[in-house]
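Trainee: Could we go through the terms used for this model and ask what each one rests on?

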Amino acid sequence: MTVHHFTPHGMLQPVPYHHVAVGTGTRHVHVSGQIARRADGTAVAPGDLTGQVAQALRNTAVGLAGAGATFSDVLRLTFYVTRWAPEKMGDFMAGVEAVAGEIGLPVPLPPASLIGVDQLFEPDVLVEVEATALLD
């Protein structure tokens with residue numbers, strides 16, 4: 001499978017993600033919304049957006065690996081962040097940068113959306129990450 005990430009001339013730059021991904025392959029991998037929990041359900045980094053972003057991305061990497069994929073196969077990421085405000089971007093990106101090398105997450109990211117929400121399914125969950133990948 002080949003995924004080509006790029007940002008065409010004329011699109012907003014700089015941003016911490018590519019605007020476009022073109023993938024070729026036949027098998028789709030969808031990783032459901034991952035949060036900052038260990039496999040046993042223990043919360044990671046309560047109240048800490050940076051720590052929760054990092055752990056949710058680690059969990060996303062585990063889901064991808066289970067399907068034989070990596071972040072290099074990812075076409076799109078979607079982040080849901082509770083009570084989002086632009087001043088949280090530094091903490092959000094610190095979580096991405098803290099874990100990128102560990103999990104093979106390219107920076108800039110694949111095409112991504114960050115969606116602010118009032119709340120997620122539990123009050124201590126600050127961020128949820130979904131991924132879509134394409135494999136041969």
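Mentor: Strand E4 (residues 74–82) and strand E6 (residues 127–135) pair in the antiparallel sense over 7 bridges. This is a predicted model, in which local features need pLDDT of at least 70 and side-chain atom pairs count only at pLDDT 80 or more, while totals for chains, interfaces and linings use all residues. Residues are numbered from 1 along each chain as its sequence is written, and side-chain values use heavy atoms, with hydrogens and water left out.

Trainee: What makes E4 and E6 a pair?

Mentor: Two strands pair if DSSP finds at least two bridges between them; E4 and E6 have 7 bridges, so they pair. In one of these positions, arginine 76 has threonine 132 of E6 as its bridge partner.

Trainee: Why are E3 and E5 called the edge strands?

Mentor: The open sheet has 4 strands in the order E3-E6-E4-E5, with mixed pairing, and strand E3 (27–34) and strand E5 (112–117) each pair on one side only.

Trainee: How do you know that H1 packs on the sheet?

Mentor: H1 touches E3, E4 and E6, where contact means heavy atoms within 4.5 Å. The direction of H1 makes about 30° with that of E6, angles running from 0 to 180 degrees between N-to-C directions.

Trainee: What is the handedness of the crossing of H1 and H2?

Mentor: Helix H1 (residues 49–66) and helix H2 (residues 89–103) pack at about 35°, with axes 7 Å apart, and the crossing is right-handed, a term for a near helix turned clockwise from the far one by less than a right angle.

Definitions and conventions. Helix = DSSP H or I, 4+ residues; strand = E, 2+ residues; numbered from the N terminus.
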